[in-house]
Amino acid sequence: MDTYANLVFLGGRVVTVDAEFSVASALAVTGGIISAVGGRDDIEPLIGSDTRVVDLRGATLLPGINDSHLHGCAFGMATPPLSLDLGHPAVSSLVDVAEAVREAVGRVPGGQWITGHGWDTGYLDECVADASRLPSRHDLDAVSPDHPVVLYSFSGHATWVNSKALELIGIDRHTVAPPGGAIVVDEAGEPTGLLHEGAQALVQNALPPLSRQERTDAIRSTLATLARLGVTSYTEPGLGPGGDGIMRGALGTETLDVYRGLLADGELTARVGVLLLPTGMASTAEEFTRTLTALGEPGDTDPRRLAVHGVKIFADGVVPNKTAWMHEPYVGGGCGSLCVGGETDAERIAEVNAMIRHAHAAGHQLGVHVTGDRAIDTVADAFAAAMAEHPRPDARHYVIHGDFLTAHSMKVLAAHGFGVNMNPTIKWTVADMEEEFVGAGRAAYAWPYRDALDAGVRVASGSDAPVTYPDWRQGVATMVLRESKAAGRVSGPEQRIDLAEAIRTYTIDAAWQDFADDWKGSLEPGKVADLCVLDGDLLTADPHDIPEMPVVLTVVDGRVVHDTLRD
């Protein structure tokens, strides 16, 4: 034998995710490439004296997981030790949040900013008991009168600050919110400390930007977490000037340079695809076009390790803030709107159309943040119009989130080979709270996986971390079960999909989004050796048990980056 394998797996469930979703029992890796897949008799001749042989003992070998929507730098900044963990179950009440801030005050020098991430009114006792009770600066002032406090919601679309922060930022009853944003005020007209959507930029502009070292540390933290979870690829969905005011610039232009540095130093232990973010919310087409043109070409990197795939645009907001643009009113009234510049719906539609048309004509893939059904129809139609005006083979534009995809938008997306990037772990998180905003029927329908797949739309899944923890196992369980996090009740059983379909959204179809399905995303000879080993038989497991199945080995490009088998 001229060439023996570097790494061999025997005695397991090798879930290839090929076109037939075939299952083998053994696999070999040679030089970072999958060299053979089959049975023991096929693979054993490839074993040499230096080959590492892994006896899977019935465990499941999968393609490396591709989280196709994950803010890598922001996730690192949003998790301990770089930030307070204010998500469920770490905190369960406003009192818990205040206590976490009190403890932080005791650890940091006077006047230093205290940051936290993940609060969700759907899991704070006082807010659950009284829907009108919202977080307020008064909840924080007693425990932190002198330290400015900024706490980001789980969705990233709301920020909660204390009075000291308002003072330093310069927000008072006379402050006018930026377009597309809101400064929440009390009955007396005084700011409560809650800022929605574009108004969050007022906070970000007052904070010192992240240093290069902070960005580097944040991404390293994320990479370590993802290796433990079996995630070998992810899309960083929006880095550029439009992100300079988000989370102290975690989504800013400099973060892409940090990724390049980590790649050069051999520290990038996951493949990263990037969408450029020329402008943020409430931007105009003229501003978007000018900024995108000024960005120029992103520069040369290793296209299989760090690649800029396209451009991100924000079209509307999110349902919990009633800023997603809906055909039918929310419970309590209002339909939201597009979040781009313009005074009327017609003007804003024209702005979205112009942005999409320009980016498409310039040859970019488009990923558009859009959640409301009316906004999604607008974006899907804009994709189709841009394609008709400037025909391009295989553009692979996609809708990001797509919570309320309509039959019309699915038909348009499928007809043109476009996709949707859905978020099962967000569905799991918000399923119990969305009814109060959109009613029972629409809440159950949200993230319509079954309908989208049946319509022929290519569907990828992502966590939107730090909005949710990037655990694909929970995502798979949610797609199969449609059960909620808080109550465990079923939300939209008619939108369930089967296990094979769910796995595809995190592997081969996520690779399709990256223009990479010809060389990653399945376990077939000739493809890169990105692998995830899950202890136990995933194919026969009770879906309720999937989130607890340990990831015991992760391999990227043939290199082991997580290994508990040798511990």
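**Entry 1. Arg450 and Glu501**

I started at Arg450, which counts as buried at 18% relative accessibility. The model I am reading is a predicted one. Arg450 makes a salt bridge with Glu501, and I noted 2.8 Å between the closest N and O atoms. Arg450 sits in helix 16 (residues 449-454) and Glu501 in helix 18, so this pair ties together parts that are 51 residues apart in sequence. I looked up Glu501 as well: it is partly exposed, with a relative accessible area of 21%.

**Entry 2. Other salt bridges**

I then asked how many salt bridges the structure holds. The count is 27. I went through a few of them.

Arg396 and Asp517 meet through their side chains in a salt bridge, at 3.0 Å from N to O. Arg396 is in the loop between helix 12 and strand 19 (398-401), while Asp517 is in the loop between helix 19 and strand 22 (531-534), so parts 121 residues apart in sequence are tied together by the pair. Arg396 counts as buried at 10% relative accessibility, and Asp517 is partly exposed at 23%.

Asp345 and Arg348 form a salt bridge whose closest N and O atoms are 3.0 Å apart. Both belong to helix 11 (residues 345-361); because they are three residues apart, about one helical turn separates them. Asp345 is partly exposed, with a relative accessible area of 28%, whereas Arg348 is buried at 13%.

I also noted a network of salt bridges that links Arg271, Arg305, Asp530 and Asp557.

**Entry 3. Strand 16**

Next I looked up the neighbouring strands. Strand 15 (residues 231-239) runs parallel to strand 16 and is joined to it by six bridges. Within this pairing, Glu236 stands opposite Val274. Strand 17 (residues 306-314) also pairs with strand 16 in the parallel sense, over five bridges. There, Leu275 has Gly310 as its bridge partner. I recorded a right-handed β-α-β unit made by strand 15, helix 9 (residues 253-264) and strand 16.

**Entry 4. The mixed sheet**

I followed another sheet, an open one of six strands in the order 9-10-11-12-14-13, with mixed pairing. Its edges are strand 9 (84-85) and strand 13 (181-185), each of which pairs on one side only. Strand 10 (residues 114-119) pairs with strand 11 (residues 149-153) in the parallel sense over five bridges. His117 has Tyr152 in strand 11 as its bridge partner.

**Entry 5. Nonpolar cores**

Which residues touch the most other members of the largest nonpolar core? I found Tyr234, Ile356, Val379, Phe383 and Trp472, out of 117 residues in that core. Helix 12 (residues 373-389) contributes the largest share, nine residues. Apart from this core lies another of 22 residues, including Leu94, Val143, Ala158 and Val184.

I listed the contacts of Trp472, leaving aside neighbours within four places in sequence: Leu62, Ile65, Leu229, Val231, Tyr506, Cys532, Leu534 and Val551.

Thr507 is in the loop between helix 18 (499-505) and helix 19 (508-513). Thr507 is buried, with a relative accessible area of 1%. Beyond neighbours within four places in sequence, Thr507 contacts Val17, Pro63, Gly64, Ile65, Asn66 and Gly521.

Ala510 lies in helix 19 and is buried, with a relative accessible area of 0%. Asn66 is 444 residues from Ala510 along the chain, yet I read 6.0 Å between their C-alpha atoms.

**Entry 6. Cysteines**

Cys335 counts as partly exposed at 25% relative accessibility, and Cys339 as buried at 9%.

Technical notes. Residues are numbered from 1 along each chain as its sequence is written. This is a predicted model: local features need pLDDT of at least 70, side-chain atom pairs count only at pLDDT 80 or more; totals for chains, interfaces and linings use all residues. Side-chain values use heavy atoms; hydrogens and water are left out. Two strands pair if DSSP finds at least two bridges between them. Helices (H or I, at least four residues) and strands (E, at least two) are DSSP runs, numbered from the N terminus. A crossover is right-handed if, with the strands pointing away from the viewer, the path from the first strand over the helix to the second runs clockwise. Buried means under 20% relative accessible area, exposed over 50%, partly exposed in between (1.4 Å probe, protein chains only). Contact means heavy atoms within 4.5 Å. A nonpolar core is a set of buried Ala, Val, Leu, Ile, Met, Phe, Trp, Tyr and Cys residues joined through side-chain atoms within 4.5 Å. A salt bridge is a side-chain nitrogen of Lys or Arg within 4 Å of a carboxyl oxygen of Asp or Glu.
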